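Reader: Could we go through this structure together? I would like to begin with the packing of its elements.

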Amino acid sequence: MIDRLGRNITYLRISVTDKCNLRCRYCMPEEGVCKKEHTDMMTEDEIVAAVEAAASLGITKIRITGGEPLVKKNIVSICRRTAQVPGIREVCLTTNGL
């Protein structure tokens, strides 16, 4: 994938949840954020399908984030399945470490 400036795009960030166990000023405005219903969030299969589509366009690195991705019940399976997608060479997880 090439952006408008001719740069090769090989990296995709996927937020797997809007939930977080902290209220940092960095990402949580004072007025808060509108919480999504569970049914409005992508399923594991939908996330993997998005990764497969991205890999077919040349994405090789996926960064999984949240909110706090470790509060997602099936995060280990999401990471495992993402890493198994042909063409994906690197899967990273950004967490607040709690």
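**Helix packing and a buried loop residue**

Author: In this predicted model, the buried residues of α2 pack against α1, β2 (61-65) and β3 (90-93).

Reader: Which residues of α2 are buried?

Author: They are I75, I78 and T82. Seen down the axis of α2, these residues fall within an arc of 60°, so they line one face of the helix.

Reader: Why would residues a few places apart point the same way?

Author: An α-helix has 3.6 residues a turn, so residues three or four places apart point the same way.

Reader: At what angle do the axes of α1 and α2 cross?

Author: The axes of α1 and α2 (residues 75-83) cross at roughly 25° and come within 10 Å. Angles under 35 degrees count as roughly parallel, and α1 and α2 are therefore roughly parallel to each other. The crossing of α1 past α2 is right-handed.

Reader: Which residues make that contact?

Author: From α1, the contact involves E44, D45, I47, V48 and V51, and from α2, S77, I78, R81 and T82. By class, the contact has four nonpolar, three charged and two polar residues.

Reader: Changing topic: where is T17 found?

Author: T17 lies in the loop between β1 (11-15) and α1 (44-56).

Reader: Is T17 buried or exposed?

Author: T17 counts as buried, because its relative accessibility is 7%, and the cut-off for buried is under 20%.

Reader: What is T17 in contact with, leaving aside its neighbours within four places in sequence?

Author: With those neighbours left aside, T17 is in contact with M41, T65, G66, G67, E68, P69, V71 and K72.

Terms used
Residues numbered from 1 in each chain as written. Predicted model: local features only at pLDDT ≥ 70, side-chain atom pairs only at ≥ 80, totals over all residues. Heavy atoms only, no water. Helix = DSSP H or I, 4+ residues; strand = E, 2+ residues; numbered from the N terminus. Buried < 20%, exposed > 50% of the residue type's maximum accessible area, 1.4 Å probe, protein only. Contact = heavy atoms within 4.5 Å. Axes fitted to C-alpha atoms, helices over the stretch in contact; angles between N-to-C directions. Parallel < 35°, antiparallel > 145°, perpendicular 65-115°, else oblique. Left-handed = near helix turned anticlockwise from the far one by under 90°. Nonpolar A, V, L, I, M, F, W, Y, C, P; charged D, E, K, R; others polar. Arc of directions from axis to C-beta.
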